[in-house]
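Please bring up the model on your screens, and we will walk through it one region at a time.

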Amino acid sequence: MKITGFEVTALNIPEDDPLANMPEEAGRMRPVVILRLRTDNGLEGIGVTFYGGKMTGSLKVAVEELSALTVGEDPLRIEHIVGKLRAGTGDSCGPGGIFTLALSAIDVALWDIKGKFLEQPLWKLLGGHRDRVPTYASGALRRGLTDDQAQQAAQTLLDKGFREMKTQMALPGNPSPEDELRRIRVIRDVIGPDIKLMCDINQRWRPEQAIDIGSRAEDVGLFWLEDVTTADDYAGLARVTAALNTPIAGGEYLWGIAPFRQMIEARSVDIVMVDIVRAGGVTQWMKIAGMAEAFNLPIVSHVMPEILVHVVAACPNGLTVEYMPWMLCLYEETPAVENGEMALPDKPGLGLKFDEAAISSYKA
Ligand SMILES: [Mg+2]
């Protein structure tokens with residue numbers, strides 16, 4: 001089997017909130033790039049990448065330039081192709097930035113082809129540890145909501161059957177620690193003690209602030225506190241992790257695999273979170289999962305649940321899937337959430353098909 005061609009398309013998709021219907025700004029769009037990688041036996045693999053922002057045009061070109069290097073290659077030799085792509089940029093255009101964003105789309109498409117060729121779903125190819133995984137609602141309980149809206153959104157998520165959900169602290173303005181605590185408590189009041197509640201800080205606190213507010217929040221029983229300070233301040237993170245009983249999660253902002261070695265060796269986090277696009281695709285995500293397992297740490301995904309459900313289910317240390325519904329509109333069908341869990345698809349590869357009508361309407 002050989003790769004024969006590719007098609008790369010830039011899209012603007014709605015940045016709405018399908019979970020609780022409280023978008024940050026009505027009508028705002030998110031730019032993404034999709035890839036179709038084609039082979040001489042008629043199989044097609046799909047990949048998606050983003051984080052290009054105003055440089056999404058450049059990201060599209062980067063995916064095209066790297067995809068051109070895959071033509072003629074055997075798509076089952078994924079590490080060989082990844083090596084060729086790195087060499088194609090003189091090993092000098094990554095890991096941080098547009099090279100890795102583009103590589104990820106290609107790597108995901110190659111795994112999709114491999115699954116389709118072997119007629120197996122991706123999660124089984126990667127290990128197949130279990131066929132259902134917990135998932136948590138993400139993106140709906142934003143820091144910008146009022147307390148009333150946050151309570152309403154939390155109730156909507158409960159009504160949809162979610163057993164785990166994530167909110168945010170580091171509220172807008174200049175909130176006192178008491179304001180931060182008030183918000184997290186009003187959400188806990190609605191959902192009760194048995195629902196797992198995560199809280200993302202998105203790097204907005206100093207380590208000492210994280211220890212102060214995190215200590216006051218211990219009785220809320222958070223499942224984790226995420227990205228409590230600057231993502232590459234491994235020593236600062238380790239200080240917070242050592243000081244709090246609440247588990248600390250982090251890693252989504254790291255690029256490639258090497259920074260995870262530094263982060264994990266420094267005991268900076270209790271839960272390793274990996275963004276597939278910044279990691280460089282499925283191949284690199286699984287390497288980081290193995291690294292975390294060797295250090296006795298659980299691993300969790302960042303965004304794109306329709307793809308990441310495969311890798312979390314594949315690993316013995318996979319904890320839960322972030323159900324961030326940003327990209328669901330790209331596909332005809334995605335794995336459903338039932339009683340707070342996602343069931344793994346039995347279709348080959350990713351088990352996803354682009355919704356062609358939707359995609360033509362999103363073309364940038
Ligand atoms: Mg996060």
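I would like to begin with a pair of helices, α7 and α8, whose crossing is right-handed. Please keep in mind throughout that what we are looking at is a predicted model. The residues that make this contact are Pro207, Ala210, Ile211 and Gly214 on the α7 side, and Gly236, Arg239, Val240 and Ala243 on the α8 side. If we sort the residues of that contact by class, we find 5 nonpolar, 2 polar and 1 charged. As for the geometry, α7 covers residues 207-216 and α8 covers residues 234-243, and their axes come within 9 Å of each other and cross at roughly 15°. Angles under 35 degrees count as roughly parallel, and α7 is therefore described as roughly parallel to α8.

The crossing of α5 and α6 is right-handed. From α5, the residues Asp147, Ala150, Gln151, Ala154, Gln155 and Leu158 meet Arg183, Val186, Ile187, Val190 and Ile191 from α6. In terms of class, this contact between α5 and α6 holds 7 nonpolar, 2 polar and 2 charged residues.

Let us now turn to the sheet. How many strands form the open sheet, and in what order do they come? There are 3 strands, ordered β1-β2-β3, and their pairing is antiparallel. Since β1, residues 3-14, and β3, residues 44-49, each have a single partner strand, they stand at the edges, so one side of each is left without a neighbour in the sheet. On average, and ignoring direction, neighbouring strands in this sheet are turned by 20° against each other. Helix α3, residues 98-118, packs on the sheet and touches β2 and β3, and the direction of α3 makes about 150° with that of β3.

If we follow the pairing strand by strand, β1 is joined to β2, residues 29-39, by 11 bridges, with the two running antiparallel. One example you can find on your screen is Val8, whose bridge partner in β2 is Leu35. Although β3 is an edge strand, β3 is mostly covered, with 5 of its 6 residues buried.

Tyr51 sits in the loop between β3 and α1, residues 56-70, and is buried, because 20 other C-beta atoms lie within 10 Å. Asp227 also has a positive phi, near 45°, in a residue other than glycine, and Asp227 is found in the loop between β7, residues 224-226, and α8. Is Asp227 buried or exposed? With 23 C-beta neighbours inside 10 Å, Asp227 counts as buried. As for peptide bonds, the one that joins Gly94 and Pro95 is cis, with an omega of about 5°, and Pro95 lies in the loop between α2, residues 78-88, and α3.

Another proline to look for is Pro345, placed in the loop between β13, residues 341-343, and α13, residues 356-362. Pro345 counts as buried because 20 other C-beta atoms lie within 10 Å. Leaving aside residues up to four places away in sequence, Pro345 touches Pro121, Pro335 and Gly351. The C-alpha atoms of Pro345 and Gln120 are separated by 9.9 Å, while along the chain these residues are 225 residues apart.

I will finish with helix α12, residues 305-314, which is mostly covered, 10 of its 10 residues being buried. Among those buried residues are Glu306, His310 and Val311.

Technical notes. Residues are numbered from 1 along each chain as its sequence is written. This is a predicted model: local features need pLDDT of at least 70, side-chain atom pairs count only at pLDDT 80 or more; totals for chains, interfaces and linings use all residues. Two strands pair if DSSP finds at least two bridges between them. Helices (H or I, at least four residues) and strands (E, at least two) are DSSP runs, numbered from the N terminus. Axes are lines fitted to C-alpha atoms, for helices over the stretch in contact, and angles run from 0 to 180 degrees between N-to-C directions. Two residues are in contact if their C-beta atoms, placed from the backbone, lie within 7 Å. Angles under 35 degrees count as roughly parallel, over 145 as roughly antiparallel, 65 to 115 as roughly perpendicular and the rest as oblique. A crossing is left-handed if the near helix is turned anticlockwise from the far one by less than a right angle, and right-handed if clockwise. Ala, Val, Leu, Ile, Met, Phe, Trp, Tyr, Cys and Pro count as nonpolar, Asp, Glu, Lys and Arg as charged, and the others, Gly among them, as polar. A residue is buried if 20 or more other C-beta atoms lie within 10 Å of its own, exposed if 12 or fewer, and partly exposed in between; C-beta atoms are placed from the backbone.
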